[in-house]
Amino acid sequence: MNTAEKNIPNTKEKGMGMKARRTLGDIAIYIILIIMSIIWLTPFVCIVLQSFRCESTWQVGYVIPQQWGLDNYKGLLETDFVKWYSNTFIMALVVSVLQTFIVLCMSYTLSRFRFKLRKPLMQFMLILGLFPGMLTMIILYRVLKDLGLTMENAIPGLILVYIASSGMGYYISKGFFDTIPMSLDEAARVDGATRMQVFFQMIMPLSKSIIIYTILTAFMGPWGDFIFAKYISFNTSAGMNVAVGLYSWLNKDMIASRYTMFCAGGVIVAIPVTILFLFLQKYYVEGVTGGSVKG
């Protein structure tokens, strides 16, 4: 028996050993992921179950309701929840459209154009982005108050603040545009296309994933904002978004009668975002990975 024939069993044993280790590794990873999913989903499951509880409206020591029903969801229609929800939806819709347009225009400009202050401008916006937004809350409140955009008029004020610095979020989109060959722009320009025609008719159709990613991130900002929205609404119901409004039900005077409705409101708030991510997660991932290149 030659050396090659002797090595065949050893090679098979090593291959089987590597396969077994890989299988055990996969099983361990799946077990960890399942445990993490259970820990992560448990609070949400509890909230959903509590939203269907009808025997009492305050906090109780059990999770599964004794009486099931839709009373809490029906009760939301008799409160200011509808106003808060419409405020939040309108704000998120307007911001997602305007912010996406501004971000994509800024990203395309920084990706394609070469001008003297291009790099200093990018560095300046990067440095500004390192400072927490909390530092600007006082001055922003003062400006919005002088403009009459607080309390009952807080929603227009929030929209103004959300879109004011949109251009600073160019990082991911610019990285994506850098992956599109500039030769496409040059060929279109030779054929007589304007910059606007190149952007809307050539670049945008190729950028579906980054557009959806930008829309989702822009939508999520105002949809889940709490701190600044609470700061400028100043406990005025007409100017509250849904996060601030639901939080107002958790004070000691209202939690006993509104706790289960709070859970129902939380479920309704989570539905649009969940649907968006379920159907658009493919484009969201493509947008993140496609824009995560050095520009």
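Me: How many disulfides does a search of the whole structure find?

Reply: The search finds 0 disulfides. A disulfide needs two cysteine sulfur atoms within 2.5 Å. Cys263 is in no disulfide either. This is a predicted model: local features need pLDDT of at least 70 and side-chain atom pairs count only at pLDDT 80 or more, while totals for chains, interfaces and linings use all residues. Residues are numbered from 1 along each chain as its sequence is written, and side-chain values use heavy atoms, with hydrogens and water left out.

Me: Why does Cys263 count as buried?

Reply: Buried means under 20% relative accessible area, exposed means over 50%, and partly exposed is in between (1.4 Å probe, protein chains only). Cys263 has 2%, so it counts as buried. Cys46 has 25%, so it counts as partly exposed.

Me: What makes the pair of Trp40 and Phe44 tilted?

Reply: Rings of Phe, Tyr and Trp (its six-membered ring) pair if their centres lie within 6.5 Å; planes under 30 degrees apart are stacked, over 60 edge-to-face, and the rest tilted. The centres of Trp40 and Phe44 are 5.2 Å apart and their planes are at 50 degrees, so the pair is tilted. Both residues lie in helix H1 (residues 3-51), 4 residues apart, about one turn of the helix. A helix here is a DSSP run (H or I) of at least four residues, numbered from the N terminus. Trp40 is exposed at 57%, and Phe44 is partly exposed at 45%.

Me: Why is the pair of Tyr85 and Trp223 called edge-to-face?

Reply: The planes of Tyr85 and Trp223 are at 85 degrees, with 5.5 Å from centre to centre; the angle is over 60, so the name applies. This pair links distant parts of the chain, with Tyr85 in helix H3 and Trp223 in helix H10 (residues 208-224), 138 residues apart. Trp223 is buried, at 4%. The count by this rule comes to 15 aromatic pairs. Ring pairs also link Tyr108, Phe176, Phe177, Phe199 and Phe200 into a cluster.

Technical notes: Helix = DSSP H or I, 4+ residues; strand = E, 2+ residues; numbered from the N terminus.
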